[in-house]
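Q: I am new to this structure. Please walk me through it, one feature at a time.

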Amino acid sequence: MKNFRRFALRSYVFLLWITGQLHRAKKRLNSSNAVLVLMLHRVLDKELAELTCSQPDIVLLRSTFERMVRYMVSEFEIVDLRIAAAQPSTVATRPRLAVTFDDGWSDNYTAAFPAISGASLNCCIFICPQLVGKTLPFWPERVAAEMRAKESRIDVQRINTVIERLKVMPASEREGYLRVLPINSEGDVDTTFGWSQALEMQQAGVSFGSHTSTHQMLTRIPPVEAQREILDSRIAVQSRMGHACDLFAYPNGDVSPRVREMVKDAGYRLAFTTRPGFWTGSTNPLEIPRVNVSEDKVTGLAGHFSRAMFDYSLIWKAARNVAEHTP
Ligand SMILES: [Zn+2]
């Protein structure tokens with residue numbers, strides 16, 4: 001069934017491509033002077049992708065990423081977030097993209113960074129200062145690790161269902177469940193990079209922003225805690241990286257008007273959600289949309305990077321979202 005769906009979607013994408021609709025979406029991104037902000041998390045070698053406890057929707061294979069970088073550099077203008085904010089209506093000669101990574105995974109340094117610096121690509125990594133240089137720093141991987149330890153051939157969908165249920169719980173209730181989980185410190189797949197690696201990447205041109213101190217979903221914790229997560233992380237990133245930290249990404253895209261005000265009061269200039277869409281001159285700078293990039297979204301039937309799938313999953317879908325939200 002899954003294979004049939006995969007085949008059917010790619011056939012549909014082929015139809016959109018051959019009828020010029022994907023090309024028109026790309027032109028629309030260009031003509032509206034918008035920026036499409038990509039959200040990535042992990043870039044893994046194939047053997048590590050089989051070992052990771054991360055959910056598939058945050059994983060991209062290194063070979064796919066490298067091909068994607070080549071495509072982006074050849075077809076798009078890759079913009080720096082701060083420069084894009086200063087020139088929201090710039091008429092671009094090529095469609096504009098911005099590249100962001102969330103969480104600060106080690107593979108950003110070992111796998112993504114070589115391809116990024118090789119192509120002189122701008123990107124921004126959103127980190128959680130208290131979770132820098134850790135093994136299994138985020139609870140979804142700990143849940144997956146524990147479920148796999150109990151049942152080695154467990155279906156990934158069952159793990160996802162449990163994680164999604166835990167996500168919508170109040171944080172205090174979820175903590176009760178998670179407290180009993182062992183923190184397995186073996187293995188080095190699901191780890192975050194350290195401060196020295198962050199500094200090395202910064203020297204090579206990578207920007208850093210905050211993703212809260214400990215990756216809390218901000219609408220699900222008491223406001224005073226949310227305020228602390230937002231402000232303390234800004235101070236920590238600034239003092240560790242030696243640069244002003246004015247970029248923020250909401251964990252899990254969780255934002256409300258109250259949380260947005262807290263982010264503004266803490267001194268951030270730009271904040272990013274997980275809602276797909278284009279960043280235009282009329283976008284609230286504290287609720288900038290982003291599109292998630294994962295292996296399944298950008299690969300064709302043979303399992304390799306597909307330009308048509310990239311254009312469809314990221315640009316065409318975001319363009320439709322803009323259309324649906326335009327009065
Ligand atoms: Zn995150």
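Q: How many helices and strands does the protein chain have?
A: Its secondary structure comes to 13 helices and 10 strands. Helices (H or I, at least four residues) and strands (E, at least two) are DSSP runs, numbered from the N terminus. This is a predicted model, where local features need pLDDT of at least 70, side-chain atom pairs count only at pLDDT 80 or more, and totals for chains, interfaces and linings use all residues. Residues are numbered from 1 along each chain as its sequence is written.

Q: What radius of gyration does the protein chain have, and what would a compact globule have?
A: The radius of gyration is taken over C-alpha atoms, and the globule rule is 2.2 Å times the number of residues to the power 0.38. With 327 residues, a compact globule would come near 20 Å; the protein chain has 19 Å, which agrees. Along its principal axes the C-alpha trace spans about 55 × 45 × 40 Å.

Q: Which domains does the assignment give?
A: Domain bounds come from an automatic or database domain assignment. Here domain 1 covers 2–135 + 187–325, and domain 2 covers 136–186. Their C-alpha centres lie 24 Å apart.

Q: How many residues does each domain put into the contact?
A: Two residues are in contact if their C-beta atoms, placed from the backbone, lie within 7 Å. Domain 1 gives 17 residues and domain 2 gives 16. The domain 1 side divides into 5 nonpolar, 8 polar and 4 charged residues. Ala, Val, Leu, Ile, Met, Phe, Trp, Tyr, Cys and Pro count as nonpolar, Asp, Glu, Lys and Arg as charged, and the others, Gly among them, as polar.

Q: What describes two packed helices?
A: The angle between their axes and the distance between the axes. Axes are lines fitted to C-alpha atoms, for helices over the stretch in contact, and angles run from 0 to 180 degrees between N-to-C directions. Take helix H4 (residues 62–75) and helix H6 (residues 106–118): the angle is about 20°, and the axes are 10 Å apart.

Q: Are H4 and H6 roughly parallel or roughly antiparallel?
A: Angles under 35 degrees count as roughly parallel, over 145 as roughly antiparallel, 65 to 115 as roughly perpendicular and the rest as oblique. H4 and H6 are therefore roughly parallel.

Q: Is the crossing of H4 and H6 left-handed or right-handed?
A: A crossing is left-handed if the near helix is turned anticlockwise from the far one by less than a right angle, and right-handed if clockwise. H4 passes H6 in a right-handed crossing.

Q: Which residues meet in H4 and H6?
A: Arg62, Phe65, Glu66 and Val69 of H4 meet Ala111, Ala112, Ala115 and Ile116 of H6. By class, that contact has 6 nonpolar, no polar and 2 charged residues.

Q: At what angle do H7 and H8 pack?
A: Helix H7 (residues 139–150) and helix H8 (residues 156–167) pack at about 140°, with axes 10 Å apart. That angle makes H7 oblique to H8. Their crossing is right-handed. Pro140, Val143, Ala144 and Met147 of H7 meet Ile159, Val162, Ile163 and Leu166 of H8. The contact has 8 nonpolar, no polar and no charged residues.
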